[in-house]
Amino acid sequence: SSRTHSQLSQAIQELKNTKYKPVVTILGSRDQFCINPAVSKASSNTEKVHLCRSKVQSRSCQYYNNLEAKSSDLVSLLSERIPDIEDLVHEGSRQRVCPYYLARNLKANAELIFMPYNYILDLKSRKAHGVDLRNTIVICDEAHNIEKTCEDASSFDLTSSDIACCLEDVGRCIDKKMKEKEEMIGGVSAFDGDDGKGLDDEMESMYCVKAIMVNLEKSVDELEIGEEGLTKPGSFMIELLARCDLNERNYLLVIDQCEQMQIGRAV
């Protein structure tokens, strides 16, 4: 494991110069791997993740679909090499298969897996990439950077602009659903035979998210922050979110609704 993918690529190049030829793969994000133009053109990695998952679930990504048919042969072929990100992307483009999921398929039989620090240290990233540390030897290059990586994994930035943009996005999604409902009532929608209850439930969830964001914006604006900033214990953030009606009972539902809106906005 290392801090950046460029450092991992250097390590792989050095490994290629040795006589040791283990089964190798390298894990990365869709930023490095995705070759689907409809996904790779997205402006942020978060949007790419949502678009990718949506296309995989709906089986509308030809590169992922092709991988299912060619995976076994490609895994056998690449297991005889020491591929880096460029090799996987090149092979994926040539075979018209998904390099991102190809790298993950290689992981099943890999003796040596290269990945950035956060894929090991961040529990969410570790679970997302299926990284199991049991019965493994972990080697960290430039380990003095680990402390900063741990801090980053446990931190986040939330600005007033972020909340304002969120409110704008929620508003656009609500307007879109309102238009769909009006079309349904007018009999020109694809919702024929539907009583609209599902759409009403979805809109109600959106209004709940909007209310939470409005309260959060108000709570953040009311904070008195001096020139040296504001330092509070970790419990302060939990209490602040609870006052905005975001708590341990509903936060997963709110996240799911936000992801659904993100997919709907991107499609």
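**Pockets, cavity and core**

Tutor: The second largest pocket has a lining of 22 residues, and those nearest its centre are Leu112, Ile113, Ile137, Val138 and Ile139. Helix 1 (5-16) and strand 2 (112-114) are the elements that give two or more residues to this lining. Here a pocket is an open set of points on a 1 Å grid over the protein atoms alone, with protein on both sides within 12 Å along at least five of seven lines, and a cavity is a set where a 1.4 Å probe fits but cannot get out; lining residues have an atom within 4 Å of a point. Helices (H or I, at least four residues) and strands (E, at least two) are DSSP runs, numbered from the N terminus.

Student: Where do these numbers come from?
Tutor: The model is predicted, with local features needing pLDDT of at least 70 and side-chain atom pairs counting only at pLDDT 80 or more, while totals for chains, interfaces and linings use all residues. Residues are numbered from 1 along each chain as its sequence is written, and side-chain values use heavy atoms, leaving out hydrogens and water.

Student: How many cavities of 30 Å³ or more are there in the whole structure?
Tutor: The search finds 1. Cys34, Asn36, Cys52, Cys61 and Cys98 are the closest to the centre of the largest cavity, among the 16 residues that line it. Helix 2 (30-33), helix 4, helix 5 and helix 7 each give two or more residues to that lining.

Student: New topic: which residues form the aromatic cluster?
Tutor: Phe33, Tyr64, Tyr100 and Tyr101 form one cluster. The whole structure has 3 aromatic pairs. One of them joins tyrosine 100 and tyrosine 101 edge-to-face, at 5.0 Å centre to centre and 90 degrees between the planes. Rings of Phe, Tyr and Trp (its six-membered ring) pair if their centres lie within 6.5 Å; planes under 30 degrees apart are stacked, over 60 edge-to-face and the rest tilted.

Student: Is tyrosine 100 buried or exposed?
Tutor: Tyrosine 100 is buried, because its relative accessibility is 4%. Tyrosine 101 is buried as well, at 16%. The cut-offs are under 20% relative accessible area for buried, over 50% for exposed and in between for partly exposed (1.4 Å probe, protein chains only).

Student: And which residues touch the most other members of the largest nonpolar core?
Tutor: Ile26, Phe33, Leu88, Tyr101, Leu102 and Phe114 do, out of 31 residues. Helix 5 gives the most to this core, with 6 residues. Such a core is a set of buried Ala, Val, Leu, Ile, Met, Phe, Trp, Tyr and Cys residues joined through side-chain atoms within 4.5 Å.

Methods. Grid points are joined across faces, edges and corners, and a volume is the space filled by probe spheres set on the points.
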